[in-house]
Amino acid sequence: MTNEYQEYFKEEHEMLRNSIRSLVKKGILPEIEKWEEAGEFPRELYKVAGDMGYLGIGYPEEVGGTPGDIFLKIVVIEELMRSGSAGLVAGLGSLDIAIPPIVRRGTPLQKERFVKPVIRGEKIAALAVTEPGGGSDVAGLKTRAVRDGDFYIVNGSKTFITSGARADQITCAVRTGGEGAHGISFLIIESNTPGYSTGRPLKKTGWWASDTAEIFF
Ligand SMILES: Cc1cc2nc3c(=O)[nH]c(=O)nc-3n(C[C@H](O)[C@H](O)[C@H](O)COP(=O)(O)OP(=O)(O)OC[C@H]3O[C@@H](n4cnc5c(N)ncnc54)[C@H](O)[C@@H]3O)c2cc1C
């Protein structure tokens, strides 16, 4: 063990490392080839990871998380990657791109409903920004949301969404204003909302165990 290593990874990191290593060895490695072929891993794995506290690492206690430094997160990813499946890591980790805007800017009610169950592994969250018309140019996105009383009517579609086929909720970039970057807002959309549908999971050259899908509104 080098000094540099000791500087970043202390006892708490090593305890976490051992616990995840054991989960990967006993609960993931024996099944991972099957999950890669199937194009998804069991939904229950989110609950297992939530119960063990892995999904909440780095998030504030007020939303059910376990605050800690970035090296705790690094340990989680390093050890999960021992499964050999980047798709598993991406799928299990889709909350980390979906919930930060809600944690930072959401109301207490939104945090209760859309963050806590995700950190507990009871609900799957995805981030939906990319559209069939292009991903790099986020400022040009076309999905439009128009306010109608207490609701928004959303029209458009998203593609390449990690965990998109089975997400319970998406943090979705929509155009609520004029053209350009400043006309864009996030809506949290639940997958049981009328008019919400998903396409078949998309085939990819890698990340097979991560379901990646189109979403239509
Ligand atoms: C496995 C996978 C998972 C993904 N998960 C998600 C997700 O969870 N949520 C989500 O919202 N998106 C997701 N994406 C989409 C991803 O963010 C986009 O693929 C990415 O933003 C690029 O967009 P694009 O594929 O439409 O390519 P384009 O934007 O059409 O770009 C095509 C090519 O042109 C280049 N290019 C584009 N604009 C310029 C420019 N101005 N100057 C020079 N070169 C340029 C790009 O570098 C690229 O090589 C995922 C993609 C993959 C493959």
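This is a predicted model: local features need pLDDT of at least 70, side-chain atom pairs count only at pLDDT 80 or more; totals for chains, interfaces and linings use all residues.
**Domains and interface**

The chain is split into domain 1, residues 3-102, and domain 2, residues 124-216. Their centres, taken over C-alpha atoms, are 25 Å apart. Contact between them involves 22 residues of domain 1 and 17 residues of domain 2. About 1600 Å² is buried between the two domains, and carbon and sulfur atoms give 61% of this area. Of the area that domain 1 buries against domain 2, Glu36, Arg43 and Ala98 supply 27%, more than any other three residues.

The interface has 1 salt bridge and 9 residue pairs in polar contact, both residues being at pLDDT 80 or more. On the side of domain 1 that touches domain 2, α3, α6, α7 (95-98) and α8 (100-105) each supply at least two residues. The largest share of that side, 5 residues, comes from α6.

**Helix α4**

Helix α4 spans residues 44-51, and its residues Leu45, Tyr46, Ala49 and Gly50 are buried. These four lie on the same side of α4, because they cover an arc of only 140° around the axis. An α-helix has 3.6 residues a turn, so residues three or four places apart point the same way. Glu44 and Asp51, on the other side of α4, are exposed. The buried residues of α4 are covered by parts including α2 (11-28), α3 (32-38), α6 (86-92) and α10 (116-119). After α4 comes Gly53, with a positive phi near 85°.

**Salt bridges**

The structure holds 15 salt bridges. Side chains of opposite charge can pair when their charged atoms come close.

| Asp168 | Arg43 | 2.6 Å |

Glu78 in helix α5 (residues 70-80) and Arg17 in helix α2 are 61 residues apart, so their pair links distant parts of the chain. Glu78 is partly exposed at 38% relative accessible area, whereas Arg17 is buried at 5%. Glu79 lies in α5 and Arg21 in α2, so this pair ties together parts 58 residues apart in sequence. Here Glu79 is buried, at 0% relative accessibility, and Arg21 is partly exposed, at 35%. Glu14, Arg17, Arg21, Glu78, Glu79 and Arg82 are linked in a network of salt bridges.

Lys73 in α5 and Asp96 in α7 are 23 residues apart. Lys73 is buried at 17% relative accessible area, while Asp96 is partly exposed at 26%.

Conventions: Residues are numbered from 1 along each chain as its sequence is written. Side-chain values use heavy atoms; hydrogens and water are left out. Buried means under 20% relative accessible area, exposed over 50%, partly exposed in between (1.4 Å probe, protein chains only). The arc is that of the directions from the helix axis to the C-beta atoms. Contact means heavy atoms within 4.5 Å. Domain bounds come from an automatic or database domain assignment. Buried area is the accessible area (1.4 Å probe) that two parts lose on being put together, summed over both. A salt bridge is a side-chain nitrogen of Lys or Arg within 4 Å of a carboxyl oxygen of Asp or Glu. A polar contact is a pair of N or O atoms within 3.5 Å; within protein, one must be able to donate a hydrogen and the other to accept it, and residues adjacent in sequence count only if both atoms are side-chain atoms.
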